[in-house]
Amino acid sequence: MGFVLLCIWAAVTEAEYMKYKDPKQPLNVRIKDLISRMTVEEKIGQMVQIERQVASADVMKNYFIGSVLSGGGSVPAPKASAEAWVNMVNEFQKGALSTRLGIPMIYGIDAVHGNNNAYKATIFPHNVGLGVTRDPELLKRIGAATALEVRATGITYAFAPCIAVCRDPRWGRCYESYSEDHKIVQALTEIIPGLQGDMPANSQKGVPFVGGKTKVVGCAKHFVGDGGTTKGIDENNTVIDLHGLLNIHMPAYGDSIRKGVATVMVSYSSWNGQRMHANRDLITGYLKNKLKFRGFVISDWEGIDRITSPPHVNYSYSVQASVLAGIDMVMIPMNYVEFINDLTFQVKNNIIPMSRIDDAVKRILRVKFIMGLFENPIADLSMVNQLGSQEHRELAREAVRKSLVLLKNGKSANKPLLPLPKTAKKILVAGSHADNLGNQCGGWTIEWQGRTGNDLTVGTTILTAVKNTVDPSTQVVYSENPDTAFVKSNEFSYAIVVVGELPYTETVGDSLNLTIAEPGVSTITNVCGAVKCVVVIVSGRPLAIKPYVATIDALVAAWLPGTEGQGVADLLFGDYGFTGKLARTWFKTVDQLPMNVGDPHYDPLFPFGFGLTTKPTKEN
């Protein structure tokens, strides 16, 4: 009798010990053990990513959902605290953990210039500015700070970095690209070890690495050729031969994989007419087999729907084509029941082989095991103070200083206007972007499209920065769009004019004329015609400025600097010197586009690599 009881007791303990739950077991043993226990429904659930608006603990549990995301501007509540984010994420997680196998979900968000959906987060300069710095070590520090601010909100997965090589500034996502030169983009993949942690020395090529609770899963995007579409039209067609694709658009993926990037997001765009979301040769053949990528491949938002034109007209085909192409996790993100039903039908009828499903699930589980999600699935509040911390704001301010480019300094070289004197009787600050935090941050800030104005988050506008910097005796007059009479009658010592583009994201930002937003041009004309002026351009790309350069005394490209506008004043008044060099060609007219460094008909207004320098002033 005792022997029988012993056997029963042994069987019960054996049942309770599951290898996949044991962190001491080797990675592949854990993956193999877990996958062997999973039903088709549980496997398909892992491949599903849904939007938080349609998620709940019950949905997670009933459909075995593997991942949830916040789209741009999708927040638990307006101006939600870090605590509110953590509580929301944990609520979804508890649903996932309550399933039979207790596989934790991973929560993703577009943290593309800091944790930019979260109120009070540090907003770093957009990539177009960071490319100017050519400073991989700075990017690594920004990655580490971003990881902490994402973790502060309980989130474990950032859809960053964008490693597009923007070849045409008419593209609405050009500001998400570091440079037109793939070598700069390659160097700045150093943000990945910042986000994810440093790869251990003995790592196997292609196997992802995420170093624990202060780090996040990263995502190299958008695979591949997103920055090369015709006329820069978003989600359009990149016409280039294989040699060009591999030499311009592909190299940074090699660097990202060597640095252990855990996920790769596929591009909406096509390559020579074939939708990337259905491109098996590149996703499976090149990325997985040739580059030996062992993390998971994720679709873009409704990316599989857009395989057909119009989108979603033949969804079962979209499901089949994308999964067979090698996409592992699908950002559905709304109609998940339809996706699950279609994929289940196709697997049960051998339209999609179980081996393809197993490959997808193994990859997703590999990332979840490596990052320690099984051991630490529930976020705590220990990191909430990282959100918008002073240390991170100082880092962003340093990044602003290193990202500005001085394009002109004085009407003649021997009479520079910058650095400006801090002590002056009266100075004018003007322009639509001088006192506008939303314009300064650009798209992907609090809301998907960003938002103009000063009520979206916490930060320092350029006007505030100027007031903080000048001598207390200097009178600062602010007028958004003054007329010439006002400027002439006031006897200003000099003027600072800040103009540029209004916020936009993705297709909304596609532009064929690349003009300064109204009334920017008249502000430049009215002010610079009457007083010595420095014009600061706040934009996601080079703009059409050739007709106005002659009337301007000094010209600065500030890109989209983010919340830390003090970094702009640091350079204007000589606390630090200008060091930035253009990482994009500045065209004369839009008719020249596309025009990139090395092209035979290269005739820019300011060439790639151009940038005047100044020395910090002695008194500072």
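Predicted model: local features only at pLDDT ≥ 70, side-chain atom pairs only at ≥ 80, totals over all residues.
## Strand pairing

Two strands count as a pair if DSSP finds at least two bridges between them.

Strand 13 runs parallel to strand 14 (residues 475-479), and five bridges link the two. Within this pairing, V429 sits opposite Y478 of strand 14. Strand 13 also pairs with strand 15 (residues 494-500), again in the parallel sense, over four bridges. Here I427 faces Y494 of strand 15.

## A strand covered on both faces

How many of the five residues of strand 13 are buried? Five of the five are, so strand 13 (residues 426-430) is largely enclosed by the rest of the structure. Both of its faces are covered: K426, L428 and A430 are buried on one side, and I427 and V429 are buried on the other.

## Two domains

Stepping back, the protein chain is divided into domain 1 (49-386) and domain 2 (390-606). Taken over C-alpha atoms, the centres of domain 1 and domain 2 lie 33 Å apart. Domain 1 gives 53 residues to the contact, and domain 2 gives 53 residues.

## Where the domains meet

The size of an interface is often given as the accessible area lost when the parts come together. Domain 1 and domain 2 bury about 4,100 Å² between them, with 56% of it on carbon and sulfur atoms.

Across the interface there are 32 residue pairs in polar contact and four salt bridges. On the domain 1 side that touches domain 2, the elements giving two or more residues are helix 6 (127-133) and helix 7 (136-152).

How values were computed. Residues numbered from 1 in each chain as written. Heavy atoms only, no water. Buried < 20%, exposed > 50% of the residue type's maximum accessible area, 1.4 Å probe, protein only. Domains from an automatic or database assignment. Contact = heavy atoms within 4.5 Å. Buried area = accessible area lost by both parts, 1.4 Å probe. Salt bridge = Lys/Arg side-chain N within 4 Å of Asp/Glu carboxyl O. Polar contact = N/O pair within 3.5 Å; in protein donor to acceptor, adjacent residues only side chain to side chain.
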